[in-house]
Structure formats: C-alpha cells, structure tokens
Amino acid sequence: MSDYNDGTGQWHSTYMAKTKWMTDEELRYVIEDCHNAMHAMPSNPKCEQYADEAHYCAMELRRRTMELRRAKQNGDSNVR
C-alpha cells in the first residue's frame with residue numbers, strides 16, 4: 001500500500017478501493033474513530049489523512065445508499 005505522504009497520490013485511490021470491501025459497520029467505525037482522533041489531537045500531522053479516510057468512508061456509504069435507492073425505484077425485488 002502506498003504511504004499517505006509519498007507524494008504520488010496513489011494512497012487515495014488505494015484507500016477508496018479498499019472501502020468498497022468494508023462492511024457498513026466498519027465504514028461507520030472508521031468515520032467515528034477518525035473524527036475522535038482529530039478532535040482529541042487537532043495538531044497531529046495525521047489529521048489530514050484521518051479527514052480523508054473519514055471522507056472516503058462516507059462517500060462509500062453514500063454510494064451504497066444511492067445504489068439501493070435506485071434499485072428500489074427500478075423495482076428490484078432483491079433489495080432489502
């Protein structure tokens with residue numbers, strides 16, 4: 001896995017791909033954990049990374065929500 005500060009930007013793509021394999025519960029946990037870490041120590045140099053992680057997890061949850069909504073609108077009977 002790429003390092004967050006390696007200057008390539010590859011970390012972002014790799015992490016976004018990783019979120020697709022995480023459960024909803026894992027995504028919510030990461031979001032909460034990152035927010036707690038940023039709040040506990042806002043001067044931490046890793047806060048930018050934590051903000052990105054939380055953002056990418058929230059993006060994935062939103063994508064899943066929208067996907068379910070579209071499936072329901074299209075009458076997909078396999079949607080819970």
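Biologist: Against which helices do the buried residues of α3 pack?
Modeller: In this predicted model, the buried residues of α3 include Y50, Y56, L61 and A71. The helices against which the buried residues of α3 pack are α1 and α2, the latter covering residues 24–40.

Biologist: What distance separates the end C-alpha atoms of α3, and what span should its 27 residues have?
Modeller: At 1.5 Å a residue, the 27 residues of α3 should span 39 Å. The end C-alpha atoms agree with this expectation, because their distance is also 39 Å.

Biologist: How are the rings of Y4 and W11 arranged, stacked, tilted or edge-to-face?
Modeller: A pair of aromatic rings is described by the distance of the centres and the angle of the planes. The structure holds three aromatic pairs. In the pair of Y4 and W11, the centres are 4.8 Å apart and the planes stand at 80°, which is over the 60 degrees required, so the arrangement is edge-to-face.

Biologist: Is W11 buried or exposed?
Modeller: A residue counts as buried when its relative accessible area is under 20%. The relative accessible area of W11 is 3%, so W11 is buried.

Biologist: How many residues apart in sequence are the parts that the pair of W11 and Y56 ties together?
Modeller: The rings of W11 and Y56 have centres 6.3 Å apart and planes at 45°, so this pair is tilted. Because W11 lies in helix α1 (residues 10–19) and Y56 in helix α3 (residues 47–73), the pair ties together parts whose separation in sequence is 45 residues.

Biologist: Which residues form one aromatic cluster?
Modeller: Y56 counts as buried at 12% relative accessibility, and Y4 is buried as well, with a relative accessible area of 16%. The one aromatic cluster is formed by Y4, W11, Y15 and Y56.

Conventions:
Residues numbered from 1 in each chain as written. Predicted model: local features only at pLDDT ≥ 70, side-chain atom pairs only at ≥ 80, totals over all residues. Heavy atoms only, no water. Phe/Tyr/Trp six-rings, centres within 6.5 Å; stacked < 30°, edge-to-face > 60°. Buried < 20%, exposed > 50% of the residue type's maximum accessible area, 1.4 Å probe, protein only. Helix = DSSP H or I, 4+ residues; strand = E, 2+ residues; numbered from the N terminus. Expected span 1.5 Å × (residues − 1). Contact = heavy atoms within 4.5 Å.
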